[in-house]
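These are my notebook entries on one protein chain. I set down what I looked up, in the order in which I looked.

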Amino acid sequence: MRSWYQELADLVLPVDCAGCGRVRSALCDGCREKLCGAGTVRRVWPDPVPAGLPAVYAAGAYEDQVRAVLLAHKERGALRLAEPLGAALAQAVQAAVRGVGG
């Protein structure tokens, strides 16, 4: 959950959505849904599949807005994205533990 000072900082120091570039939104609702929404976690398979590969899960498809959010956090230090990225990671780990999407 965002604190009051994070909200105030976003008002004083405007940022654009890391996913789609929407003005004055660190991560807009649409991009958050693509990152953490229902049905975003899925089992993924590399090609070719190595022998003995354990189940691998992705929090979302590495494309478009999700890719932009990850790169903003990783390469440009957008620390404000740690919370939604952590939530997406937690969903993927829970899916792996339950064996969802096999």
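Predicted model: local features only at pLDDT ≥ 70, side-chain atom pairs only at ≥ 80, totals over all residues.

Entry 1. I looked up the secondary structure and found 4 helices and 2 strands. Along the sequence, I read the pattern α-α-β-β-α-α.

Entry 2. I then asked how much of the chain is buried. Of its 102 residues, 30% are buried. For the surface, I recorded that the chain exposes about 6800 Å², of which carbon and sulfur atoms supply 59%.

Entry 3. I turned to contacts between residues at least 6 apart in sequence, and noted that 44% of them join residues at least 24 apart.

Entry 4. I searched for salt bridges, and the count came to 1. In this salt bridge, the side chain of Glu 83 meets that of Arg 32, at 3.2 Å from N to O. I located Glu 83 in helix H4, residues 82-98, and Arg 32 in helix H2, residues 29-36. The two residues are 51 residues apart, and the pair links distant parts of the chain. I reminded myself of the general principle that side chains of opposite charge can pair when their charged atoms come close.

Notes. Residues numbered from 1 in each chain as written. Heavy atoms only, no water. Buried < 20%, exposed > 50% of the residue type's maximum accessible area, 1.4 Å probe, protein only. Contact = heavy atoms within 4.5 Å. Areas by Shrake-Rupley, 256 points an atom, 1.4 Å probe, with all protein chains shown as cover. Salt bridge = Lys/Arg side-chain N within 4 Å of Asp/Glu carboxyl O.
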